[in-house]
Every structure is written in structure tokens, then in C-alpha cells.
Amino acid sequence: MTAGLRVALVGGAGVVAAWVFAWPASGVLRAVFQPEVWSGAGLSARRVELLLRGAGVAAAAAALAQLLGAALASALNDRRRGGRRLAAWVGASVLLTPPYIYAYAWSLPLLPAGIASSAPLASPVIAWLATTGRAVWCLGCWLTPLAAVVLACGWRTHGRPAAALAALDATGARVFGRAVLPAMWPWIAGSLLLTATLALTEFSVCHLCRVMTWNTEILAELQIIARPGSGIVLAWPLLAMVAALALPLMLLRGRAAEALRELARFDDDADGRESRSDQAATKPRSHEATELRKERHSKSATRHSLLSRRSLWPRALPAARRRGLALLAYVALLSPWLVLAREFRDPAALLTGWRAFGDAWLSGAGCALGAGAAGALLAVGIELLRLVATPRDRRGRAGRTFADVVTLAALVAAVAPPALVGDAFAAAGRWPAWLADHWPIVVLVGAARYAILPIVGLRIATAAVGPQSVGMAALDGADRTTAYLRVVLPRCTGALTVTSLLAALLTMTEVGASALVQPPGVPSLSQTMLNMIHYGRNDAVVATALYLMLLAAIAAVLVRPAGFRRGPRVS
């Protein structure tokens with residue numbers, strides 16, 4: 001039974017990986033070796049201008065994300081569990097909301113005649129705010145939660161210990177200047193690089209803000225004149241810039257591993273102590289365990305006393321001021337709700353908007369759930385290969401290599417310009433008619449874009465459970481496969497379900513990649529919304545935007561730290 005289930009899971013993951021990554025990649029490789037594809041790969045003055053403009057917007061958005069992210073990170077590290085969970089909910093809500101909703105919300109007061117209108121604006125300042133400024137603000141706010149998570153993890157692992165040591169003989173700004181900043185610089189650099197990369201490859205915000213960049217230009221050419229598969233050639237300067245940003249991130253992969261481990265225990269108290277439920281679950285059962293626990297609590301109490309006397313943050317930034325900064329971050333991130341509510345005038349549109357988009361909602365939900373299921377199957381299969389591999393087993397090493405390659409492919413598809421992912425599927429060609437002309441092609445594109453979420457979510461949950469579970473199961477005679485399927489995986493089901501649903505939600509609202517493969521007879525909620533957004537304030541569109549933001553807020557409730565909590569420690 002266990003062997004058959006392993007074959008089914010690994011085989012299913014292999015099939016999904018072949019359809020989602022290998023087949024589109026083969027189409028791109030075939031197209032790249034066609035001589036005519038390279039005829040349009042030259043750099044002109046206009047293309048250089050587009051590239052530099054996109055880089056400038058991405059850099060400004062990344063800087064803004066760091067400022068807002070630092071304020072949100074202080075709330076994520078709040079000593080009060082309620083404060084931490086509120087910050088996590090706000091961050092997840094913002095990150096799960098489609099970024100083009102933010103661009104639309106801020107266009108309503110700045111461009112009352114509609115995004116597609118050519119009416120002159122009141123002044124150059126208003127023109128800048130309605131275009132470049134709006135793009136920087138929307139991208140920066142959308143990426144703030146990612147920056148906050150990275151900075152919060154960096155503070156817990158490196159910033160807090162450095163501050164505790166420096167607080168023995170320094171106060172105020174000296175703690176930050178001499179200890180915290182040197183300890184935190186890899187995390188700050190990683191946060192800047194990550195947010196800049198995602199801002200550089202995001203399509204819809206610059207498109208709706210009328211900021212022409214290389215990213216928006218590529219999608220237009222691929223939709224109209226370019227040959228399928230030529231996107232990677234047309235985008236080579238953009239890809240080179242993305243690679244230049246991603247290479248330092250690869251050098252910081254050790255910090256990424258630390259961040260994953262920290263996320264697995266993020267529901268613990270902010271000063272590193274165990275939560276009450278963990279304490280109850282790990283209640284000692286013997287005299288030796290009692291003594292060990294007393295010693296551990298003594299060390300924790302000493303450290304907590306030291307950090308309490310000299311605040312976790314320098315005295316120049318007291319708790320009240322930190323909470324004020326967190327409140328400002330909340331206002332900045334949630335202000336699109338207020339803008340859309342102010343522009344919403346007809347309550348009946350809540351019903352008429354639902355009716356107008358009814359088919360698109362149903363079609364999008366079906367395709368999204370399919371993409372989430374495909375991503376979950378892929379995550380379980382490759383995690384099974386990764387966990388059961390042993391260094392001396394040649395077949396196990398091959399399986400682990402396959403799992404690493406699939407994970408890398410999923411990461412590349414997630415951070416690459418979405419138009420290139422859709423172009424790869426269009427270039428693959430010779431898809432079966434039942435797949436290319438119907439909803440399955442949308443499912444495959446969504447799985448390619450967002451399979452990284454269940455993969456990383458299951459990796460975090462598996463790390464939280466810990467390898468000791470496999471070892472203890474081995475004491476009862478279970479092999480590594482049986483231990484994973486019967487001990488580890490059941491305890492990770494919650495995290496896998498949550499991240500798969502998040503991948504489904506993002507698939508339903510994705511616009512860049514699906515625009516190149518969406519079959520004519522399959523309604524698309526995201527494409528319909530993007531088209532209608534161009535024509536100004538419409539109560540049905542505003543109502544649908546509010547529905548999407550509400551859906552993201554409800555989904556954010558699922559992204560609670562308890563979904564990735566540790567199991568009981570083994571004495």
C-alpha cells in the first residue's frame with residue numbers, strides 16, 4: 001500500500017512537472033534556435049529608455065517597501081501575540097490582493113475620466129502622481145509585506161542578539177550603528193533585491209499607470225507581432241537585469257534557510273520563548289526532563305531579563321512610537337479600501353456586479369482550484385523524494401536532484417516576467433485540443449506560476465515537524481517513506497492546504513501569463529476586470545474590486561502562524 005502510494009505521488013508529480021515545466025521549456029528552446037527570432041533582439045534608444053525607466057520604478061518601489069516594511073516588521077515582532085497576528089493578517093491581505101486593484105483604486109481620484117482617457121491633467125505634478133508616482137506607490141505597498149517578513153526574520157535571528165550584546169555598553173543610535181546594522185545588512189540587502197526583482201517583473205501596475213517599461217512592451221509585442229517563443233530573446237536585457245539581482249540572492253541562500261526555519265516558529269513569543277501550547281505539549285514526564293527544562297527556562301529568563309532592561313529596540317525608539325509607525329503602515333497599506341468605498345455610489349452594484357461577472361467567477365474558481373491541486377501534488381511528490389533520499393542511495397540522490405531542479409524551475413517561473421511564462425506555453429505547440437482550447441491550459445499556467453507556494457509551504461511545515469519524527473518512526477521499524485506518509489505528511493496537511501488555496505487565489509487573479517493562452521470560450525475574471533478598469537469609475541467594477549479585496553482578507557485569516565507551528569519537541 002505504501003509503495004503504491006509513493007509511486008502514485010512521485011509519478012503524479014513527474015507528470016505535472018513535465019506538463020508545467022519541461023514541455024514549455026522545450027518549446028522555448030526550439031524557438032530560440034530559429035534565426036529569424038534574433039532579428040528583433042537589438043537594443044534601440046527607445047528600448048534602453050524603457051529598460052531604465054522600469055529599473056527606476058522598481059528601485060524606488062523597493063526603497064518604499066523597505067521603509068513601510070520596517071514599520072510592519074516592528075509589529076510582526078510585537079511581544080503581544082494579538083499584535084503579531086494583526087500584522088500578519090494585514091500583510092497577507094495586502095500581498096494576496098491583485099496589484100492592479102491598487103492601481104485602479106488610486107486612479108479613481110487622480111484620473112476621474114478613466115485610465116484610457118487622453119484628457120490633459122491639471123499640472124505636471126498631478127501628471128507625475130497619476131503615472132510614475134502611482135506605479136511606485138502601488139508596487140511599494142504591495143511588496144511591503146515581503147520586506148517586513150524578511151526584516152522581521154533578520155531581527156529575530158541576528159538583530160536581536162547583536163542588540164542585546166551592544167546594549168551592555170551602548171544606548172540609542174550607537175546600538176543600531178555599531179551592532180544592529182552590521183548584523184542586519186545581509187537581510188536588508190536580501191529584502192531590497194527580492195522586492196526590486198518582483199517590482200521589475202510585475203506587469204499590470206505599470207500598464208495601468210501608463211508607465212511604459214520593457215515589461216509592458218514585451219507583452220504587447222507577444223500579443224500582436226512576435227513569434228511564439230521569441231519572448232526570451234526580446235526580453236534578454238530585462239532577464240539580464242533580473243539575473244543580476246537574483247545572483248546575490250543565491251549567495252544569500254543561507255539566510256533564506258534561516259528565514260524558513262524562523263517562519264516555522266513564528267508563532268512563538270517575540271523574545272524567543274515557547275508559546276503556552278508548546279509548553280503544555282512538551283510537559284516533562286521524568287525527573288531528568290524536569291531538570292533539563294528548569295535549566296532551559298533559567299537561561300531563557302536570564303536572556304529575557306537582559307533584553308527587558310535594555311529594550312529590544314533602542315530607547316530612541318520607544319514602544320509607543322513603534323506602534324505609531326506600525327499604525328501608519330496599516331493606514332498606508334489599507335487606504336485603497338477607503339478610496340474604493342468613497343468612490344462606490346450605488347449599493348445595488350454589489351448584486352449587479354456579481355451577476356455581470358458571474359460566469360467569470362465560476363470559470364476562474366474552477367481553473368484556480370485545479371492549479372492549486374496540481375501545485376499540491378507537485379509539492380508532495382518532490383518533498384517525498386527529498387526527504388526519503390539518503391546519501392548512500394544512488395536512486396535517492398537522483399530523486400533529490402530532480403526535486404531540487406523542479407523547485408528551481410518553480411522559483412524561476414514565479415519571479416520571471418509573466419509574459420514569458422505565457423509565451424513558453426504558447427511556443428510549446430502541438431498541445432492536445434482538449435487541453436489547449438479549454439480550461440486545462442489555464443490550470444497549467446497557474447500551476448507554473450504559483451506552484452512555488454505549496455512547495456515552500458510544505459518545506460516550512462516539514463522543517464517545523466522536524467526530522468526527529470522520521471527517526472522515531474524508524475525505531476518502530478518503519479522505513480523513511482512510511483514515516484513520511486504516515487507521520488510527517490498528516491501533520492503538514494494544514495500548511496499544504498493553505499498554501500495550495502493561496503496559489504489558487506493568485507491563479508484566479510493573474511493577468512500577465514494567462515493573457516497569451518486564455519482560450520476564447522473560457523471566461524476570465526482577471527482579464528475582464530483588467531479590460532473594464534481602463535474606462536474609469538464603474539460601480540460594477542468597484543464592487544468586484546471590493547469583492548476581490550474581501551476575498552484576499554478572508555484568505556489572509558488562513559495564513560496564521562499556527563498553520564506552520566512546530567510539533568511537540570521530542571525529549
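These are my notebook entries on a predicted model of a protein.

**Overall make-up**

I began with the secondary structure, which comes to 26 helices and zero strands. I then looked up burial: of the 571 residues in the protein, 53% are buried. For the contacts I took pairs of residues at least 6 apart in sequence, and 83% of these contacts join residues at least 24 apart.

**Confidence**

I noted a mean pLDDT of 80 for the protein, with 82% of its residues at 70 or more. Confidence is highest in H20, at 93, and lowest in helix H12 (residues 276-281), at a mean of 40.

I found that pLDDT stays under 50 over residues 270-287, and that the model has 42 contacts beyond four places in sequence for this stretch. I found residues 561-571 under 50 as well, with 35 contacts beyond four places in sequence. Where pLDDT is low, the predicted coordinates should not be read in detail. I left both stretches there.

**H18 and its packing**

I turned to helix H18 (residues 418-428) and checked how it packs with helix H20 (residues 440-450). The angle is about 135° and the axes are 11 Å apart. H18 and H20 are therefore oblique to each other. I recorded their crossing as right-handed. From H18, the contact is made by Pro418, Val421 and Phe425, and from H20 by Ile441, Leu444, Val445, Ala448 and Arg449. By class I have seven nonpolar residues, no polar ones and one charged in the contact of H18 with H20.

I then looked at H18 against helix H1 (residues 2-32). Here the angle is about 75°, with the axes 7 Å apart. That makes H1 roughly perpendicular to H18. On the H1 side I listed Trp19, Val20, Trp23, Pro24, Gly27, Val28 and Arg30, which meet Ala424, Phe425, Ala427 and Ala428 in H18. The contact of H1 with H18 has nine nonpolar, one polar and one charged residues. I noted Phe425 of H18 in the contact with H20 and in the contact with H1.

**Arg134**

I looked up Arg134, which lies in helix H5 (residues 124-166).

I placed Arg210 in the loop between helix H7 (204-208) and H8. I checked its backbone and found a positive phi of about 60°, although Arg210 is not a glycine. Most residues other than glycine have a negative phi. I have Arg210 as partly exposed, because its relative accessibility is 35%.

I found Thr216 in helix H8 (residues 214-224). Thr216 has 7% relative accessibility and therefore counts as buried. Which residues beyond four places in sequence is Thr216 in contact with? I listed Phe203, Cys206, His207 and Val211.

Note on methods:
Residues numbered from 1 in each chain as written. Predicted model: local features only at pLDDT ≥ 70, side-chain atom pairs only at ≥ 80, totals over all residues. Heavy atoms only, no water. Axes fitted to C-alpha atoms, helices over the stretch in contact; angles between N-to-C directions. Helix = DSSP H or I, 4+ residues; strand = E, 2+ residues; numbered from the N terminus. Parallel < 35°, antiparallel > 145°, perpendicular 65-115°, else oblique. Left-handed = near helix turned anticlockwise from the far one by under 90°. Contact = heavy atoms within 4.5 Å. Nonpolar A, V, L, I, M, F, W, Y, C, P; charged D, E, K, R; others polar. pLDDT = per-residue confidence, 0-100. Buried < 20%, exposed > 50% of the residue type's maximum accessible area, 1.4 Å probe, protein only.
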